[in-house]
Amino acid sequence: MAGRYDPNPFEEEEVNPFAEQGRGRGQSNYGGGAFYMTNPGSVPPANSRLSPLPHEPADFDRGATVDIPLDSSKDLKKKEKELQAKEAELKKREQELKRREDAVARSGVVIEEKNWPPFFPIIHHDIANEIPIHLQKLQYVAFTTLLGVVGCLLWNIIAVTVAWIKGSGPTIWFLAVIYLISGVPGAYYLWYRPLYRAMRTDSALKFGWFFLSYSVHIGFCVFAAVAPPIIFKGDSLSGILPALGFLSGNALVGIFYLVGFSLFCIESVMSIWVIQQVYMYFRGSGKTEEMKREAARSTMKAAL
């Protein structure tokens, strides 16, 4: 009717879904499909459809199985035989090692593991676990004298080096180095290790060797403390006599030599105390007669 008011002139008419079958998918009566194609950022019409996803491969279908090959019974038997052969070989090696350990134990040879000093082990040293309790204090003092002779010889090199710088010549310095190189391992192998083993095994012969070598050690310390002018005027040892000679001409060198003299004196006194205590224990435990019997037995064996 002419003159009728239409409140929504753009409202889309109801479309019969079965009508106009020739129209393309996604197009409305007012050309909505063309509008969507020309405006990609707009929302597609409600009746548009998306293309389906491609079908997944057959390997990933639900229920698909993967065949894992298993070793045959023949391979399993072969591996079992190999494991049994290895086990038998390990048992054989273990028995051989135990046999050697028993033979070493019967022969009296003790395998000593190097454990001192902790940062760079070069010797075996375990007083707390291997030395009897009543002898540990004496062993610790003896070990202190070993460290003491090392300190004395090191300081002797320092003092002699100062004397060389002040014009005494390089000869005394080379002699001081020889004292250190030969004195430190000599002290350990000649008297400290025999004493350590004597305390641990209570062997009379090892005590006898200790007394002999330790007496030489005490004699050297006393000689170094005095440093008589016998070899190169005694300047290669920082004793009292060269110290007095340097004090009159060079006070600095004389002071270094006096310190060395003090160190050798302390080492001598401590060493004399150690040998006295060891001798008292040796006599009190009746090792004198045992030492005589072992010496006579050794002599007979050597003669036969």
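## Thr145 and helix H4

Thr145 sits in helix H4 (residues 133-168). Helices here are DSSP runs of H or I with at least four residues, strands are runs of E with at least two, and both are numbered from the N terminus. The model is predicted: local features need pLDDT of at least 70, side-chain atom pairs count only at pLDDT 80 or more, and totals for chains, interfaces and linings use all residues. Residues are numbered from 1 along each chain as its sequence is written, and side-chain values use heavy atoms, with hydrogens and water left out.

Thr145 counts as buried because its relative accessibility is 0%. Buried means under 20% relative accessible area, exposed means over 50%, and partly exposed lies in between (1.4 Å probe, protein chains only). Leaving aside neighbours within four places in sequence, Thr145 is in contact with Trp191, Tyr214, Glu267, Met270, Ser271 and Val274. Contact means heavy atoms within 4.5 Å.

Val149 also lies in helix H4. With a relative accessible area of 4%, Val149 is buried. Not counting residues up to four places away in sequence, Val149 touches Ala187, His217 and Glu267. Val149 and Cys221 are 72 residues apart in sequence, yet their C-alpha atoms are 8.2 Å apart in space.

## The whole chain

The chain has nine helices and zero strands. Along the sequence the pattern reads α-α-α-α-α-α-α-α-α. Of the 304 residues, 27% are buried. Among contacts with a separation of 6 or more, 56% join residues 24 or more positions apart. The chain exposes about 21,900 Å², and carbon and sulfur atoms supply 63% of that area. Accessible areas come from the Shrake-Rupley method with a 1.4 Å probe; for residues, only the protein chains shown count as cover.

## Confidence

The average pLDDT of the chain is 79, and 67% of the residues score at least 70. pLDDT is the predictor's confidence in each residue, from 0 to 100. Over residues 1-5 pLDDT stays under 50, and the model has zero contacts there beyond four places in sequence. Residues 8-42 also have pLDDT below 50, but this stretch has 23 contacts in the model beyond near neighbours in sequence.

## Annotated spans

UniProt, in an unreviewed entry, places "transmembrane region" at residues 140-165, 171-192, 204-231 and 251-275. UniProt positions are given in the numbering used here, feature names are shortened, and annotations may be inferred rather than shown by experiment. Residues 140-165 are 100% helix and 0% strand, with end C-alpha atoms 38 Å apart. Residues 251-275 are likewise 100% helix and 0% strand, with end C-alpha atoms 36 Å apart.

The unreviewed entry also gives "coiled-coil region" for residues 73-103. That span is 100% helix and 0% strand, and its end C-alpha atoms lie 45 Å apart.

Helix H6 covers residues 204-226. At 1.5 Å a residue, its 23 residues should span 33 Å; the end C-alpha atoms are 34 Å apart, which agrees. The expected span is 1.5 Å times one less than the number of residues. Buried residues in H6 include Phe207, Phe211, Tyr214, His217, Ile218 and Cys221. An α-helix has 3.6 residues a turn, so residues three or four places apart point the same way.

Helix H8 runs over residues 251-284. Its 34 residues should span 50 Å at 1.5 Å a residue, and the end C-alpha atoms are 50 Å apart, which agrees. Among its buried residues are Tyr257, Phe264, Glu267, Ser271, Val274 and Phe282. At the start of H8, a side-chain oxygen of Asn250 reaches to within 3.3 Å of the backbone nitrogen of Leu252.

## Loops

The peptide bond from Trp116 to Pro117 is cis, with omega near -10 degrees. Pro117 is in the loop between helix H2 (73-107) and helix H3 (127-130).

Two loop residues share another backbone feature. Asp202 is not a glycine, but its phi is positive, near 60 degrees. Asp202 lies in the loop between helix H5 (171-201) and H6. At 28% relative accessibility, Asp202 counts as partly exposed. Ala227 also has a positive phi, about 55 degrees, although it is not a glycine. Ala227 follows H6 and is in the loop between H6 and helix H7 (240-249). With a relative accessible area of 1%, Ala227 is buried.

Terms used:
Polar contact = N/O pair within 3.5 Å; in protein donor to acceptor, adjacent residues only side chain to side chain.
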